Amino acid sequence: MRKFTIIISILLILLISISIFSGRSNNLNEATSSGYSKISARAPRVIYWGSSGDTVREAQRRLKDWGYYEGSVDGIYGPQMYRATRQFQRKHGLTVDGIIGPATANSLGISLGVSQAQTTGVTRDDNVYLLARAVHGEARGEPYVGKVAIAAVVLNRVENPSFPNSIAGVIYQPLAFTAVADGQMNLSPDNESLRAARDALNGWDPTYGCLYYWNPATATSKWIWSREKVIEIGKHWFGN
Amino acid sequence: MRYKKAIIPTILAIAILATGVWGYNQYRMRNYYEDQLINQYQRIFYDMKDNVETVQTSLSKSLVSASEESDILLLSQIYQQAYFAHDKLSQLPIGHENLAKTEKFLNQVADYSYSLIGRYIKGDKLDDKERQTLFRLQDYTEQLTAELQEAHDEILTGDLTMFKIREGEKDKIGEANEDILDAQMQKYEEEQMTEYPELIYDGPFSDQVLNVEPKGLGEDTVNEKEARKIALDFLGIKNPKDVNMFNKGESTGSSNIDAYTFSITPDNEGESIIIGVSIQGGKVVWMENSKEVEDKNISEKEALKIAKEFLDENGYTSMQANYSTKYDNSILFNFVYEQDGIPMYTDLIKVKVSLDDGEIIGIDAANFLKSNHERDLPKPKITEEEARDNVRIGFDIENVRLAVIPDRGNNDLLCYEFSGTYKGSDFIVYINALDGRQEDILQIIQDENGTLMM
């Protein structure tokens, strides 16, 4: 009996110390491993559908050499390259998302950093990607025009004095977007969201200048119902 | 036998203990994160309070000041500090409904100061009306400072959490104590800001720029049926498979352009096309075909020809392409309206052409409809040679022409447009054709998808 107690106590102490340590390290990683495949926030560090440039060309060359890619090495990430990338990722046990991030780039043997340093700096690519993530988080399952509309609302807010004056400021404003608050916007945007973001940045605005949207089925704020509706697109109402 | 009996309770005990330890750790980490977040918010709050106070004192000083130099310095301080305050305010977890007016106020204070600095530098003096406006702004800022001070005092007197971190934490901190700042901002906006007047000046955030009436729509209004016909004619579709209208709100003028929006399915295959037709004037505001373009079969030149012909057919005959950008296997052309051969850069129509079959897959004429009207252009008061003297020496001029560009308040400015290079970079310099002032400089950033065509 004595022996048994001792063994149990030792086991317990061991377990507690393990759980303390593992508990701590788990917690510190919480922000980066909450179940979503997190992606780098800076767009040029990843290559995705619609990317272009020397790094894309290099990736195409490698994918072609190894027989994954059959298109032309033109430096533009299109549908064929998407399929090739996914196939490559599947073969190499990487996350199959068609996005060449650090891990995939590493397996391909290309560097995402070097050719970045050569570009001259000013670019709207980061904004496209950020906007696309917000659109993807807020409007998954909506028709394409509904996605452009969400992106347009973000851009209308940037132009309006009652809101922050930058795209990041608007998207990350506390209490503004649920998909930002619950981390859904950290999912990788799909091609449609990227297209929608680009269209909105190029000027398309299906909402005719709206600053707000809400889902009439789920909106609980009394205040939002005092807004004037301008148009209904998909599940969302857009208004001012 | 005795051992066997003890096994299950022991395992359970260990499990419970382990869960407890794990839970405690989670709890500790959660508190840690919350503290960090609150610290961050506290810092933003104190910084913002300082910014607002500086704005207030600078505004007061500018009212007393009789010296132009110190006026300019004070105004630039107001400009900077008001933007800081706005930026920080928008980072605090306060509901937008309690914040919108104050954000707008701070933004306008900054923007207004900036426009006044511009006037000073041009040699204009502030008139009585502008002094009055500054005086009123000072008043509102004083109230805001008082409100922030009150919030601060409340936070100090109690052991209170300053912000609601998340929904559903109401039980943790007594309801009466929570959201001090939220409540304070609400009180401020309800009591002080309702009377806040419209601010008219030359700047992007001024009320006359925000509430601009579209100039290019025309007089008559169309009903839904007429709009539907306009849309189908515009797209050249005779027998659509399906036409649906998007539900719209009562027309109250809260949108930029009041319009009917249709979703048109031309035939059994292919995506539906979305198109908006303005109620006033019956003009196509925008159009978009959401089809995904997978191939590239036609050249940019062919695409440009298609886009130009399309605009001509629809009555937009004085449009010149001046910029194109390729994305998603399609190409987007910016067309600028030309009056007497002079481009009006405010009157833009964008046309998107798919590069697989040359179909028009997007039109955006909203900007054109907002600003296009027959203009009474002034005659240039200085010659091209005189304007050339005001361009930096060493700027290698490749092309000169007249052009109309918008100023900060969206007013037309007739300028000489000098495009060229300086130290290897491409620039466009605009020199006012009436007084020879340099109005704007654009730097052209080349990338492999964009082409400037001028």
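**Entry 1**

I began with the surface of chain A, which exposes about 11,200 Å². Carbon and sulfur atoms supply 55% of that area. I remind myself that this is a predicted model.

Next I checked burial: of the 240 residues in chain A, 50% are buried. Then I listed the elements and found ten helices and three strands.

**Entry 1: one loop residue**

Is Ile224(A) buried or exposed? I found Ile224(A) in the loop between β1 (212-214) and β2 (229-233) of chain A. Its relative accessibility is 11%, and the cut-off for buried is under 20%, so Ile224(A) counts as buried. Leaving out residues up to four places away in sequence, Ile224(A) touches Tyr212(A), Trp214(A) and Ala219(A). I also looked up Tyr213(A): eleven residues separate it from Ile224(A) in sequence, and the C-alpha atoms are 8.4 Å apart.

**Entry 2: the cores**

I turned to the largest nonpolar core, which has 102 residues. Those touching the most other members include Ile171(A) and Phe238(A) from chain A, and Ile349(B) and Phe418(B) from chain B. Which helix gives the most to this core? Helix α7 (residues 144-159) of chain A does, with ten residues. Another core lies apart from this one; it has 39 residues, among them Val52(B), Ile78(B), Leu106(B) and Phe205(B).

I followed up Ile171(A). Beyond its neighbours within four places in sequence, its contacts include Leu130(A), Leu131(A), Val154(A) and Phe177(A).

Of its 22 residues, 16 are buried, so α3(B) is largely enclosed by the rest of the structure. Just after α3(B), I noted Gly123(B), with a positive phi of about 95 degrees.

Last, I looked at Ile11(B), in helix α1 (residues 2-64) of chain B. Ile11(B) counts as exposed because its relative accessibility is 53%, and the cut-off is over 50%. Together with Ile7(B), Ile8(B) and Leu12(B), Ile11(B) forms a nonpolar surface patch of about 410 Å² of accessible area.

Notes
Residues numbered from 1 in each chain as written. Chains lettered and ligands numbered in written order. Predicted model: local features only at pLDDT ≥ 70, side-chain atom pairs only at ≥ 80, totals over all residues. Heavy atoms only, no water. Core = buried A, V, L, I, M, F, W, Y, C linked by side-chain atoms within 4.5 Å. Buried < 20%, exposed > 50% of the residue type's maximum accessible area, 1.4 Å probe, protein only. Helix = DSSP H or I, 4+ residues; strand = E, 2+ residues; numbered from the N terminus. Contact = heavy atoms within 4.5 Å. Patch = residues over 30% accessible without salt bridge, like charges linked within 9 Å, V, L, I, M, F, W, Y side chains within 5 Å. Areas by Shrake-Rupley, 256 points an atom, 1.4 Å probe, with all protein chains shown as cover. Salt bridge = Lys/Arg side-chain N within 4 Å of Asp/Glu carboxyl O.
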